[in-house]
Amino acid sequence: MLEGIGLLILVVILSIVGLWVLLYFVPVGLWFQAVLTTTKVSLIDLIFMRWRKVPPSIIVNAMINAKKAGIEISSDKMEAHFLAGGHVQNVVNALISADKANIPLDFNMATAIDLAGRDVFEA
């Protein structure tokens, strides 16, 4: 009888650890937040971001900010900029400000300014 209880405890512990690992690699809460804001990002994209060592929260939050401001930017472009050493949120903030001020600034120009080491928002 004691062996059955020990086995049950082992199964429960392994289930908890497995669930924790699954929720780490599959950020369901972040995906649900994106769905509620009609931002297009799939669960698979979020998993691949984790594997590529890109923090999904940075990319998704930047995408949500851009989407709410009326600017469409793909997650691939943001990931590429992050992996190149850029500051994604600064670029998005600069694009939003430029759009509201009717200043022509596209994503490629903003990322080039950011990667050159200048503050995109001031430029």
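Reader: Is Phe 48 buried, exposed or partly exposed?
Author: Buried means under 20% relative accessible area, exposed means over 50%, and partly exposed is what lies in between (1.4 Å probe, protein chains only). Phe 48 is partly exposed, because its relative accessible area is 35%. Trp 51, at 55% relative accessibility, counts as exposed. This is a predicted model, in which local features need pLDDT of at least 70 and side-chain atom pairs count only at pLDDT 80 or more, while totals for chains, interfaces and linings use all residues. Residues are numbered from 1 along each chain as its sequence is written, and side-chain values use heavy atoms, with hydrogens and water left out.

Reader: How are the rings of Phe 48 and Trp 51 placed, by centres and planes?
Author: A pair of aromatic rings is described by the distance of the centres and the angle of the planes. Rings of Phe, Tyr and Trp (for Trp, the six-membered ring) pair if their centres lie within 6.5 Å; planes under 30 degrees apart are stacked, over 60 edge-to-face, and the rest tilted. The count by this rule is 1 aromatic pair. The ring centres of Phe 48 and Trp 51 are 5.6 Å apart and the planes stand at 40°, so this pair is tilted.

Reader: In which helix do Phe 48 and Trp 51 lie?
Author: Helices (H or I, at least four residues) and strands (E, at least two) are DSSP runs, numbered from the N terminus. Both residues belong to helix H3 (residues 43-51), where Phe 48 and Trp 51 are 3 residues apart, about one turn of the helix.

Reader: How many salt bridges does the count come to?
Author: A salt bridge needs a side-chain nitrogen of Lys or Arg within 4 Å of a carboxyl oxygen of Asp or Glu. The count comes to 3 salt bridges. One of them joins the side chains of Arg 52 and Glu 79 at 2.8 Å, N to O. Arg 52 sits in the loop between H3 and helix H4 (56-68) and Glu 79 in helix H5 (residues 75-83), so the pair ties together parts that are 27 residues apart in sequence. Arg 52 is partly exposed at 38%, whereas Glu 79 is buried at 4%.

Reader: Which residue forms a salt bridge with Asp 99?
Author: Lys 100 does, with the closest N and O atoms 3.8 Å apart. Asp 99 is partly exposed at 37%, and Lys 100 counts as exposed at 55%. Glu 72 and Lys 67 also meet in a salt bridge, at 3.1 Å, N to O. Glu 72 is exposed at 64%; Lys 67 is partly exposed at 26%.

Reader: At roughly what angle do the axes of H4 and helix H6 cross?
Author: Two packed helices are described by the angle between their axes and the distance between the axes. Axes are lines fitted to C-alpha atoms, for helices over the stretch in contact, and angles run from 0 to 180 degrees between N-to-C directions. The axes of H4 and H6 (residues 88-100) cross at roughly 5° and come within 9 Å. Angles under 35 degrees count as roughly parallel, over 145 as roughly antiparallel, 65 to 115 as roughly perpendicular and the rest as oblique. H4 and H6 are therefore roughly parallel to each other.

Reader: Which residues of H4 and H6 make the contact?
Author: Contact means heavy atoms within 4.5 Å. On H4 the contact is made by Ile 58, Ile 59, Asn 61, Ala 62, Asn 65 and Ala 66, and on H6 by Val 88, Gln 89, Val 92 and Ile 96. For classes, Ala, Val, Leu, Ile, Met, Phe, Trp, Tyr, Cys and Pro are nonpolar, Asp, Glu, Lys and Arg are charged, and the others, Gly among them, are polar. The contact of H4 with H6 divides into 7 nonpolar, 3 polar and no charged residues. Gln 89 is partly exposed at 26% relative accessibility. Not counting residues up to four places away in sequence, Gln 89 touches Asn 61, Ala 62 and Asn 65.

Reader: Within what distance do the axes of helix H2 and H4 come?
Author: The axes of H2 (residues 28-36) and H4 come within 10 Å and cross at roughly 10°. That makes H2 roughly parallel to H4. Leu 30, Gln 33 and Ala 34 of H2 meet Pro 56, Ser 57, Val 60, Asn 61 and Ile 64 of H4. By class this contact has 5 nonpolar, 3 polar and no charged residues.

Reader: What is the value of phi of Lys 53?
Author: Phi of Lys 53 is near 65°, a positive value in a residue other than glycine. Lys 53 is in the loop between H3 and H4 and is exposed at 69%. Asn 102 also has a positive phi, near 55°. Asn 102 lies in the loop between H6 and helix H7 (107-115).
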